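My notes follow in the order I made them.

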Amino acid sequence: MKVENDTRLINDLKTKFAKPDESIRAHTDKLKVEAKRLKKFGYISDEIYSLLNVACEYHDYGKINDSFQKRIITRSKFNEDREVPHNVLSMLFLPETLFEKKEEYYIVAMAIVYHHKLRDNLVQILEEKADIIEENIKGYEQCIANLSKIRNRIIIRRINDLICNRNSKAIIVKGLLHKCDYSSSAGIPSEFINDFMKTKLEELRYEWRQEDNKADWNELQKFCMNNAEDNLIITAPTGMGKTEAGLWWIGNHKGFFVLPLRTAINAMYERVAEDIFKRENIEERLGLLHSDMRAYYLNDDREISHIENYMECTSQMALPLTISTLDQLFDFVFQYPGYEYKLAQLSYAKIVIDEIQMYDTSLLAFLIYGIERIHQVGGKVAVLTATLPPFVEYELKKVLDGDCIQRDYSAQGTTRHNIKVMDKTIDSEDIRRKYYHLIENDKSAKILVVCNSIENAQSLYEELSDLSVKLLHSKFIKKDRKKREEEILRCGKTFSEHNHNILNKKYEIWISTSLVEASLDIDFDYLFTELNDVFSLFQRMGRCNRKGVKEWYQHKANCFIYLKPRGSVKLYIENSDIYKLSKMALQDRQGIITEKEKKEIIDVYFSIDKIRGTKYQKDYSYCKQIISENVPYENQACKKLRDISTVDVIPYVVYELYREEIETIREKLNSNEAVTFDRISQISKLKEYCLSIQEYERRQCELKGEKIKLGRNHAIEIIECEYSEELGFVKNRKENKLYEEARLRKGGIFID
């Protein structure tokens with residue numbers, strides 16, 4: 001640019017606004033500080049930093065135009081007749097002479113022009129609104145010259161090709177421009193340094209040695225420690241310390257732990273916060289990322305200073321260690337506008353995937369393709385799982401292109417289980433007899449019952465309701481579910497709270513669903529379970545004799561497996577190829593089963609040849625094809641994969657019980673004085689009385705009273721349905737044959 005234009009530009013950047021209370025220069029400098037922070041932490045290379053720094057410098061230059069300046073003062077809406085998006089104008093300020101290579105210019109130009117979504121095609125804007133553009137950049141002659149040059153279709157095509165071809169360098173620069181911009185606008189650091197993880201892990205080992213002089217890291221944990229720079233695929237049974245192994249692999253680096261269930265995520269967050277970090281500087285170290293994260297933080301009994309900042313840092317993925325659900329972290333695979341923001345951060349992160357076998361075909365495709373993209377941009381992945389189907393192992397190796405180290409520690413797992421397999425439906429009388437037998441012989445009677453559906457769990461609860469029995473599933477209101485989760489964790493402790501040398505003796509039956517399968521640190525004496533598939537079965541078995549210290553399993557069965565499905569899911573399960581293979585694998589099995597034998601079952605009965613051609617394999621391939629073919633975000637097939645057809649509701653009986661509290665919340669939400677943080681707090685309180693049900697279930701229920709509005713397009717409905725603190729939400733109970741069967745088995749005694 002000419003000198004006189006440089007002088008004018010320098011002055012305009014200082015005096016004109018990027019935001020109502022911040023100049024373009026001040027805002028730009030904040031972004032450059034964040035770019036420097038990423039470089040200082042070693043997260044980006046010199047080359048990426050150089051490109052990102054230029055993108056940060058020029059990204060908001062287009063706001064200099066008079067139309068934008070008037071609008072930001074008057075807070076008026078964008079006027080299409082007088083304006084073009086400021087990001088298009090910003091691109092025109094970018095000098096090509098700053099770059100040694102043309103590709104670098106195209107990368108930065110793409111990051112700038114697309115750092116906000118364009119309503120119209122870039123070519124269309126440049127051609128149809130040329131007069132408006134020239135009016136907006138009047139006086140900046142070099143910009144006018146750049147406009148003529150950029151309207152050349154070749155340049156625009158090269159810029160757009162970077163997006164279509166998924167250029168890794170372009171994705172990282174654009175994504176990190178988003179990150180620097182978001183964090184600067186929010187007033188939070190783009191990243192917090194991880195200089196504590198290894199120290200905290202060594203402190204944990206010191207604590208172990210205080211209790212047991214020989215305590216040390218096991219072979220799995222040392223392997224992860226020594227191979228921290230590699231992608232890993234590791235099979236290790238429950239009880240081998242996969243959490244500590246994963247944390248050692250992350251080390252003093254940015255990391256994510258991905259778990260399949262929210263319950264497991266909350267439990268791991270608490271465990272890491274309490275046992276490893278001792279709750280020191282949690283706000284700058286550990287994040288919890290799932291759809292209910294804000295409510296979880298707000299309802300935490302321990303006071304956290306600067307809670308708003310903590311929530312913002314978690315949402316922006318700025319913390320060194322984040323424990324997350326798959327959907328929160330891997331949704332970038334759908335390539336929604338701005339998806340690069342997440343993928344760019346994962347390019348310098350380490351991601352631990354726990355219990356990969358728990359995902360269904362669509363989520364598995366979602367995950368595998370996400371791992372492929374992360375690997376392409378430079379991120380690292382460690383899959384740590386108790387069971388690894390050969391088909392999944394094959395897919396992982398394929399997308400990692402052989403760039404991984406694999407280890408199997410199954411043979412080193414402690415033998416903990418003695419199984420009894422029965423070719424019948426799960427029977428409450430079997431459970432009752434075992435319970436009475438244990439009590440009569442003064443033995444601990446911690447019995448876990450795991451069903452394939454909520455309906456089955458509720459039915460068994462009804463049949464055993466005269467005993468000390470409790471029920472846990474996903475369709476309790478949050479208030480009731482939280483209480484149950486705390487109770488099952490207390491019951492499921494291996495050792496007495498007061499003496500770690502004495503087993504935790506209880507007389508409780510817990511009936512649940514797949515909710516308890518993943519990463520919950522619970523240890524029951526006996527397991528009664530329906531068969532769904534071998535993978536979930538072995539997970540369920542991991543909640544029984546978890547630590548391997550209950551030696552009576554050597555003489556009698558502690559895991560009772562029922563092969564025949566029952567209830568409304570019966571037909572679905574019986575038609576499943578995976579169920580059929582699982583049943584075949586188990587029908588002749590009885591007695592003690594080692595971890596090595598579990599692995600052999602999976603390798604033999606779920607080999608790639610046996611999976612090939614099944615509905616499972618076809619469904620997986622279809623889902624992965626949709627995701628990987630760069631299908632537009634708005635495509636119907638893509639929407640179907642993303643769709644989560646659940647809705648939050650308040651049962652009317654709950655509303656009646658807590659009417660005063662709920663109406664107080666409604667009043668505050670309707671108040672014009674409610675500030676953003678207060679709204680979040682009130683919504684969090686309201687969610688305590690909500691449960692999530694399927695959309696079709698809601699349609700079968702009558703609406704009661706006015707909806708509680710949470711926002712312009714979001715409201716909570718109050719519905720007439722059957723709900724109790726003991727059973728939770730009951731679906732069409734009177735029409736359900738399962739409950740009629742339960743009534744008959746109890747001799748006609750049935751309280752509705």
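I began with strand β8 (residues 380-385), where 5 of the 6 residues are buried. Buried means under 20% relative accessible area, exposed over 50%, and partly exposed in between, with a 1.4 Å probe and protein chains only. Strands (E, at least two residues) and helices (H or I, at least four) are DSSP runs, numbered from the N terminus.

I noted that this is a predicted model, in which local features need pLDDT of at least 70, side-chain atom pairs count only at pLDDT 80 or more, and totals for chains, interfaces and linings use all residues. Residues are numbered from 1 along each chain as its sequence is written, and side-chain values use heavy atoms, with hydrogens and water left out.

Next I looked up the partners of β8. Two strands pair if DSSP finds at least two bridges between them. Strand β3 (residues 232-235) runs parallel to β8, joined by 4 bridges, and Ile-233 has Val-383 as its bridge partner there. Strand β7 (residues 350-354) also pairs with β8 in the parallel sense, over 5 bridges, and Ile-353 stands opposite Val-383.

Then I checked the whole sheet. Which order do the strands have in the open sheet? The 7 strands are ordered β5-β6-β4-β7-β8-β3-β9, with parallel pairing. The edge strands are β5 (286-289) and β9 (405-408), each pairing on one side only.

Last, I looked up another pair in this model. Strand β4 (residues 255-259) and strand β6 (residues 321-325) are parallel and share 5 bridges. In β6, Thr-325 is the bridge partner of Leu-259.
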